Amino acid sequence: GKDFFGIDKHLLPTAHVTNPVTGEHTAIVEHDPEGRHANPDEQQDINALHNLGRDGVLEKLGLVDMITGNADRHGGNYLLNDSGGIKLIDHGLAFDSFHGEPAMYPDYLSQYEGIRENQGLKPDEPLNPQTIQWINSLDPEQMAKNMLDLGIPHKYVAESADRLQALKQYANSPNPTRKNAYTSPFHFKLD
């Protein structure tokens, strides 16, 4: 159940510790010696974002952020590496940041759409067929069980399950697009 979404290779290992005196919670993230923040002027980063976007990886990562309510995926909260991979960092606003409204669109998706636009392509496009298959493979009940087992409060688990259910319905509607998939749980009525 740990890698329910199938994205662990895009996350850095994180340890959560509590100060025994103050009770303050802190996350310690493993250092990635190859990781760097994306630079939209560097051809290597443009190529990496283009390939990750073309292959549907960026869609999946953005949709996981949407499902879990992480509204904080700005340019400082992901890293690219020399092998063309992406690592998401800083998940501190997951589960409690949407307040019923769509989140900020992830920076890496905005960067990818800018690359497409510079190539004369439409920035938004239909959902990648692999992304639709991935969405359909996700089970809201199993996700809820996994989240509850991890100690995530029931309120946030229920909101995440509702967003996933709405996303599944939208992904199987006629002509689903990336941008609308990201906001579908806020506009798509559940059956």
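Buried means under 20% relative accessible area, and the structure discussed here is a predicted model.

Q: Are Glu59 and Arg178, which form a salt bridge, buried or exposed?
A: In the predicted model, the closest N and O atoms of Glu59 and Arg178 are 3.3 Å apart. Glu59 lies in helix H2 (residues 57-67) and Arg178 in helix H7 (residues 178-183), so the pair ties together parts that are 119 residues apart in sequence. By the cut-off of under 20% relative accessible area, both Glu59 and Arg178 are buried.

Q: Which residues are joined with Arg116 and Glu125 into one network of salt bridges?
A: Arg116 forms a salt bridge with Glu125, with 3.1 Å between the closest N and O atoms. Arg116 has a relative accessible area of 11% and Glu125 one of 17%, and because buried means under 20%, Arg116 is buried and Glu125 is buried. Salt bridges that share partners extend the network beyond Arg116 and Glu125 to Glu59, Glu113, Arg178 and Lys179.

Q: What is the N to O distance in the salt bridge between Asp65 and Arg73?
A: A search of the whole structure finds 10 salt bridges, and one of them joins the side chains of Asp65 and Arg73. Both of these residues, Asp65 and Arg73, are buried. Their N to O distance is 2.8 Å.

Q: What is the radius of gyration of the chain?
A: The chain comprises seven helices and four strands, and its C-alpha atoms fill a box of roughly 55 × 45 × 25 Å along the principal axes. For 191 residues, a compact globule would have a radius of gyration near 16 Å, which agrees with the value for the chain, 17 Å.

Key: Residues are numbered from 1 along each chain as its sequence is written. This is a predicted model: local features need pLDDT of at least 70, side-chain atom pairs count only at pLDDT 80 or more; totals for chains, interfaces and linings use all residues. Side-chain values use heavy atoms; hydrogens and water are left out. Helices (H or I, at least four residues) and strands (E, at least two) are DSSP runs, numbered from the N terminus. The radius of gyration is taken over C-alpha atoms; the globule rule is 2.2 Å times the number of residues to the power 0.38. A salt bridge is a side-chain nitrogen of Lys or Arg within 4 Å of a carboxyl oxygen of Asp or Glu. Buried means under 20% relative accessible area, exposed over 50%, partly exposed in between (1.4 Å probe, protein chains only).
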